[in-house]
Amino acid sequence: NLERALLAGDRLGGHLVQGHVDAVGEILESRPEGGSWLMAVSLPAQLLPVFVDKGSVALDGISLTVNRVQSDRFWVALIPETMARTSLKAKGVGARVNLEGDLIGKYVARLWGLRAGLSEEQLKAAGFS
């Protein structure tokens with residue numbers, strides 16, 4: 001599941017991931033649906049603030065889009081190409097996966113936690129919505 005690092009000046013055409021492991025999750029459900037494969041992965045409470053629908057996540061270093069977030073899990077849909085070319089094809093229910101939360105979500109959560117008296121109106125005026 002290795003990709004070359006993005007070079008400064010390169011076109012960004014995907015998610016921002018760093019290759020860090022923020023937590024470990026467990027595959028709770030895994031099933032085909034339509035032309036893709038759906039997986040539900042447990043969501044450790046400490047990562048919930050950085051997960052949003054249509055945000056990004058890395059599972060074992062594989063950059064994916066979060067389809068849906070629930071209080072204790074999140075869902076991803078894997079296209080056939082992802083299933084064929086990554087180690088996720090060998091992972092079933094009960095398998096543990098390394099999780100890296102959404103990078104932008106981490107910054108927003110950190111800023112929100114450090115806002116120290118900033119009002120929601122001030123944040124909006126600064127460009128945060």
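## Placement of Ser42

In which strand is Ser42 found? In this predicted model, Ser42 belongs to strand E2, which covers residues 36–42. Ser42 has a relative accessible area of 18%; because buried means under 20%, Ser42 counts as buried.

The side chain of Ser42 reaches the backbone nitrogen of Glu26 at a distance of 2.8 Å. When neighbours within four places in sequence are left aside, the residues in contact with Ser42 are Gly25, Glu26, Leu28, Asp72, Arg73, Phe74 and Leu99.

## The barrel

Strand E2 is part of a closed barrel of six strands, in the order E1-E2-E5-E4-E3-E6, with antiparallel pairing. From one strand to the next, the twist averages 45°. Strands of a sheet pair through backbone hydrogen bonds, in either a parallel or an antiparallel arrangement.

## Strand pairings

E1 and E6 run antiparallel and are joined by four bridges. Within E6, Asn98 stands opposite Val24. E6 also pairs with E3 in the antiparallel sense, over two bridges; here Glu100 of E6 is the bridge partner of Ala58.

E3 pairs with E4 over four bridges, again in the antiparallel sense, and Ser56 stands opposite Thr65 in E4. These two strands, E3 and E4, form a hairpin with two residues between them. Asp60, in the turn of that hairpin, has a positive phi of about 50°.

E4 and E5 run antiparallel and are joined by three bridges. The hairpin that joins E4 to E5 passes through three residues. Val66 has Val76 in E5 as its bridge partner.

## The nonpolar core

How many residues does the largest nonpolar core have? This core has 21 residues, and those with the most contacts inside it are Phe51, Val57, Leu59, Leu64, Phe74 and Val76. Two or more residues are given to the core by each of strand E1 (23–33), E2, strand E3 (56–59), strand E4 (62–69), strand E5 (73–78) and strand E6 (96–100).

Val76, one of the core residues with the most contacts, illustrates these surroundings. Not counting residues up to four places away in sequence, Val76 touches Trp37, Leu38, Met39, Val57, Leu59, Leu64, Thr65, Val66 and Asn67. Among them are Val57, Leu59 and Leu64, which are also listed with the most contacts inside the core. Val66 is included in the contacts of Val76 and is its bridge partner as well.

## The aromatic pair

The structure holds one aromatic pair. Phe51 and Phe74 form this pair, with 4.8 Å from centre to centre and 45° between the planes, an arrangement described as tilted. Phe51 lies in the loop between E2 and E3, whereas Phe74 lies in strand E5, so the pair ties together parts that are 23 residues apart in sequence.

Are Phe51 and Phe74 buried or exposed? Phe51 is buried, with a relative accessible area of 6%, and Phe74 is likewise buried, at 0% relative accessibility.

Key
Residues numbered from 1 in each chain as written. Predicted model: local features only at pLDDT ≥ 70, side-chain atom pairs only at ≥ 80, totals over all residues. Heavy atoms only, no water. Buried < 20%, exposed > 50% of the residue type's maximum accessible area, 1.4 Å probe, protein only. Polar contact = N/O pair within 3.5 Å; in protein donor to acceptor, adjacent residues only side chain to side chain. Contact = heavy atoms within 4.5 Å. Core = buried A, V, L, I, M, F, W, Y, C linked by side-chain atoms within 4.5 Å. Pairing = 2+ DSSP bridges. Axes fitted to C-alpha atoms, helices over the stretch in contact; angles between N-to-C directions. Phe/Tyr/Trp six-rings, centres within 6.5 Å; stacked < 30°, edge-to-face > 60°.
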